[in-house]
Amino acid sequence: MPKKFAFVFVMLGALLTLALAGGCGGSGPEPTPTPTKTPIGAGSQPTNTVASAVVAGTPTAQPATVAPTNAQPTAPTKSESIVVVNADQVNVRSEPNTSGTIVATVNTGQKYTLIGRNQDNTWLQVGENGKEIGWIFGEFATVQTGAPATTTGGSITATQQTGQAAPTNGGTYAPISMSSPDYGTQAFLWWDPAVTQRDLDLIKDAGFTWVKQAFAWETIEGAGKGQFDWSKADITVKEANQRNIKILARLSSDPTANFWAAGSPTQNADNFANFASALASRYNCTAQAVGCIQAFQVWNEPNLAREWGGNQPNPAQYVEFLHKAYAAIKRGSPQAIVISAGMAPTGDNSPQAMPDDVFYEGMYQAMNNNSTGYFDMLGVHGAGFAAPPELDPAEAAANRKYGSYRFFCFRHVEDIRAIMVKHGDTNKQIVLLEFGWTTDSVNAAYKWHGADAGITDAVQADYLKRAYVYAKANWQPWIGLMSLLTMPNLAWMDSGKPEQEEQYWWAIMRPSRISKLKFRNAYIELCIYFNGLNGQKCKYDPN
């Protein structure tokens, strides 16, 4: 564990141990905040990533809630001012706010006459052929000067996007879509092209269709605002695209004192949004793009102070940050799936941490119970801890063996789904950004739910497979991608003692040099299962 995280983990461990007095083993387990850590900056291997048109059946992208202004439109502008839609499936409303009735849905490139604006210029009133249509949220359109807009062809209705386009390097990109469930893993593809190619081949051979990779802000734009280094990103995206593996890009890593504005992520929200837009534009899956990133995760675990610039977790602040990033990504890649951050499972509610369910509740309150314009899918983390995947959260809370909290089990995901249902967000899916079981026998904060709980390599493999089976049987249609922890990181070998890195024990393979593969049971078991779903055989099956 990097020293800069050690103090936080110690303090959290102390706080959470007090919260769990009476837990298993006399002193009780330590509810560790998260099995992963934040990327640590330029020149270092990024840590676990977490890792698009909206999936059919989910709501279309709409602008964020804006309080009704009750303002009358200003005097009509000149007829040569036209509005060009810059996002797909944008709702046109009867009033300049999200409470207005949806009167039409429009798509990228369609042009309309600008009739007027509301008082704060956030909404545009549009028309066609001399007739008013309604109001479009300004972030999803561009005003240009030109000939008066006439009928653009076709009715003004939403069209289902395939997300498939011819890339510049030939072939076609994997479509921007998600199955229920879909199969993915986190990986460390960034620094060594040979490792990138090998591990993507292993991911494809196993039957995973998604890879989650960190696209760390400071390693791309660290030289200064607008000074982008795309070299590592281009290689990673190209290699995944060529193998037809979809990419979930985790966007995070808060700038520090030597990187523009210091302090909380909210102080850098606009800078971050600009970065996200540049990234999305470069890899927006069109024929003119450098490549294709199908989905974007906005930040990671903001319910922990150490992931939120050292500041106390604040759902309303994160929602504002997310809203800006959402609009920016959609400007660059209108069809991309935007996923909110997954939260760390924790029982601590203090300036250092907030329980995930409390944080999600706070998010919905801050969004006025309307997630439109904030995310297309909700990100969730679902570590299994000491429990088998089918265990009811009530049993985890009642039984000291499992930790005495509902979040100490894989099915805690259902608790988060209940929050979505409570707030009327039933049509959106959950993306499981991180889940898994550790076999840790070394690190005290983890081994109580690893080796000490009987989680061996064989048990880990069995639980991972059963988690996918359980989700397929019980969580359709609301479960989307399930991205497990993790493919290995070769950087764990640098110290000569990879076992001391807690992430080592979550991985489905052991780290190894290019020519030597070191499988764990989990990789083989999942390879057999995923390939079997398609009537194929795992090439690494020893039988």
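Trainee: How do you know that helix 11 and helix 12 are roughly parallel to each other?

Mentor: In this predicted model, helix 11 (residues 457-474) and helix 12 (residues 521-533) pack at an angle of about 30°, with their axes 7 Å apart. Angles under 35 degrees count as roughly parallel, and helix 11 and helix 12 are therefore described in that way.

Trainee: Which residues of helix 11 and helix 12 meet?

Mentor: From helix 11 the contact includes Asp 457, Ala 458, Leu 464, Tyr 468 and Val 469, and from helix 12 it includes Asn 521, Ala 522, Leu 526, Tyr 529 and Phe 530. The residues of this contact divide into 9 nonpolar, 2 polar and 4 charged. As for handedness, helix 11 passes helix 12 in a right-handed crossing.

Trainee: Why is Pro 355 called buried?

Mentor: Its relative accessible area is 10%, and buried means under 20%, so Pro 355 falls within the buried class. This residue lies in the loop between strand 12 and helix 7.

Trainee: What does Pro 355 touch, not counting residues up to four places away in sequence?

Mentor: With those neighbours left out, Pro 355 touches Asn 303, Thr 346, Gly 347, Asp 348 and Asn 349.

Trainee: Which residues of helix 7 are buried, and what covers them?

Mentor: In helix 7 (residues 356-366) the buried residues are Asp 356, Phe 359, Tyr 360, Glu 361, Gly 362, Met 363 and Tyr 364, and what covers them includes helix 6 (315-332), strand 12, strand 13 and helix 9 (412-422). After helix 7 comes Asn 368, whose phi is positive, near 55°.

Trainee: What makes strand 12 and strand 13 the edge strands?

Mentor: The open sheet has 8 strands in the order 12-11-10-9-8-15-14-13, with parallel pairing. Strand 12 (337-340) and strand 13 (378-381) each pair on one side only, and they are the edge strands of this sheet. From one strand to the next, the twist averages 25°.

Terms used: Residues are numbered from 1 along each chain as its sequence is written. This is a predicted model: local features need pLDDT of at least 70, side-chain atom pairs count only at pLDDT 80 or more; totals for chains, interfaces and linings use all residues. Side-chain values use heavy atoms; hydrogens and water are left out. Two strands pair if DSSP finds at least two bridges between them. Helices (H or I, at least four residues) and strands (E, at least two) are DSSP runs, numbered from the N terminus. Axes are lines fitted to C-alpha atoms, for helices over the stretch in contact, and angles run from 0 to 180 degrees between N-to-C directions. Buried means under 20% relative accessible area, exposed over 50%, partly exposed in between (1.4 Å probe, protein chains only). Contact means heavy atoms within 4.5 Å. Angles under 35 degrees count as roughly parallel, over 145 as roughly antiparallel, 65 to 115 as roughly perpendicular and the rest as oblique. A crossing is left-handed if the near helix is turned anticlockwise from the far one by less than a right angle, and right-handed if clockwise. Ala, Val, Leu, Ile, Met, Phe, Trp, Tyr, Cys and Pro count as nonpolar, Asp, Glu, Lys and Arg as charged, and the others, Gly among them, as polar.
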